[in-house]
Amino acid sequence: MFKILVQEPLPRPRRITAGHWAAIEDAYQRLGRAVEARDFAHVVGAAKELTESVARVTTEANGEVLADNTSYKGLLTAAHNIVAHAIKQDLAPNDVLRAIPDGARRMATQLAEIRNVYGTGHGRADVHEVTEEVAEACVHASLIWVRWVLARRTTVLLGNVTQLVSDLETENFFSGELAERLDAANIPGLKAPEQRRLGIAVGRRTANETWTVRIDGVRACSTNPERWPDAYRTGVIEGLFINGDNQVDALPMVSADCAAELLQHHSDAAGVLGELHQLLEAASWSFRFQGRYEAVVQDMHKALPKVPAGVRSPWIDITNALVAHAPEEVS
């Protein structure tokens, strides 16, 4: 009896919006009512609709807007790819562990064709017999993939770049929480602009004296350098010296020391410092920085031994430029 399949609550992802969850629940309840009524044609149609609803929620929650005429197969593939990295970041594309959920996706993809033949949602000139076997197969095909996606969606939502950047501006982080969310973001798999945007947010929060962010988002780059791409490091360094108002702002005993460490594993440290120099010269100084720039300059001198030997000259140039461009009231 396949009625039991639709009696178990679906796994609700953390951080999913109320509206998105309501859409999924509505589709799931319709499927349950169709099963209860033994309306097998409706079961086929509702199973496909539930799968499609979960796929659309997954893509929208990830900031991807797909056209209304996107094919069902294309929609499922896009949603599947969003959560696929959540299995494990370093798994090979052909790893057997990836084959299991991919098999579930292929099963769910067939629901569109089965619905076209047997399900509700189409006016028909003839009637196709819909057996319990067909209906049960559709419920299995839908729920195996749907439950996997929803379970994985928690990890993906935790790592959503837009939400994470926003939370770095306003939220408090417990020890290890940012590390979990950065891991969920799959930073190596992001495009370079997103890597840099996330790095800037981490750098700015670190410069606002948040110790846990400094440990999980900056110090970790030195502990496991291979996991952190150059674009992310570039962003962190910028955020350590330029605030959200695009003003020069840095934290004594933190910004200079962290930036020097980040440069040690950057493939284009000279380019980073050249860009930082231009930013610092073009930006005004925050009121806070005006009161502590001398301490930051001292930190720049102290951090020089940590700077890679080949880029110590541009580091010194930046240090001297800070002194030379100090506003008159603080110079």
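Select arginine 38 to start. Its relative accessible area is 39%, so arginine 38 is partly exposed. The model is predicted. Glutamate 132 counts as partly exposed because its relative accessibility is 27%.

**Next: glutamate 238 and arginine 196**

Select both residues. Glutamate 238 and arginine 196 form a salt bridge, with the closest N and O atoms 2.9 Å apart. This pair also links distant parts of the chain. Glutamate 238 belongs to helix H11 (residues 230-241), arginine 196 to helix H9 (residues 192-206), and 42 residues separate them. Is glutamate 238 buried or exposed? Glutamate 238 is buried, because its relative accessible area is 13%. Arginine 196 has 23% relative accessibility, so arginine 196 counts as partly exposed.

**Next: arginine 219 and aspartate 257**

Here the side chains of arginine 219 and aspartate 257 meet in a salt bridge, 2.9 Å from N to O. Arginine 219 lies in helix H10 (residues 211-223) and aspartate 257 in helix H12 (residues 255-263), so the pair ties together parts that are 38 residues apart in sequence. Aspartate 257 is buried because its relative accessible area is 19%, and the limit for buried is under 20%. Arginine 219 is partly exposed, because its relative accessibility is 21%.

**Next: the cysteines**

Select all cysteine sulfurs. How many disulfides does a search of the whole structure find? The search finds zero. Zoom in on cysteine 221. Cysteine 221 is in no disulfide, and the nearest cysteine sulfur, in cysteine 258, is 9.6 Å away. A disulfide needs the sulfur atoms within 2.5 Å. Cysteine 221 is buried because its relative accessible area is 0%. Move to cysteine 138. That residue is buried too, because its relative accessible area is 0%.

Nonpolar side chains tend to be buried together in soluble globular proteins. Select Leu168, Leu198, Tyr232, Phe241 and Trp315. These residues touch the most other members of the largest nonpolar core, which has 53 residues. Which helix gives the most to this core? H12 does, with six residues.

Now center on tyrosine 232. Leaving aside residues up to four places away in sequence, its contacts are Leu182, Ile187, Gln195, Arg196, Leu198, Gly199, Val202, Gly217 and Cys221. Arg196 is the salt-bridge partner of glutamate 238.

Then go to the second core, which is separate and has 45 residues. Pick out Ala46, Val54, Ala61 and Val139, which are among its members.

**Last stop: the surface**

Select Val96, Leu97 and Ile100. Together these residues form a nonpolar patch on the surface, with about 310 Å² of accessible area. Valine 96 is placed in helix H4 (residues 96-109). Why does valine 96 count as exposed? Valine 96 counts as exposed because its relative accessibility is 63%, and exposed means over 50%.

Notes:
Residues are numbered from 1 along each chain as its sequence is written. This is a predicted model: local features need pLDDT of at least 70, side-chain atom pairs count only at pLDDT 80 or more; totals for chains, interfaces and linings use all residues. Side-chain values use heavy atoms; hydrogens and water are left out. Patches are made of residues with over 30% relative accessible area and no salt bridge: like charges are joined within 9 Å, nonpolar side chains (Val, Leu, Ile, Met, Phe, Trp, Tyr) within 5 Å. Accessible areas come from the Shrake-Rupley method with a 1.4 Å probe; for residues, only the protein chains shown count as cover. A salt bridge is a side-chain nitrogen of Lys or Arg within 4 Å of a carboxyl oxygen of Asp or Glu. Helices (H or I, at least four residues) and strands (E, at least two) are DSSP runs, numbered from the N terminus. Buried means under 20% relative accessible area, exposed over 50%, partly exposed in between (1.4 Å probe, protein chains only). A nonpolar core is a set of buried Ala, Val, Leu, Ile, Met, Phe, Trp, Tyr and Cys residues joined through side-chain atoms within 4.5 Å. Contact means heavy atoms within 4.5 Å.
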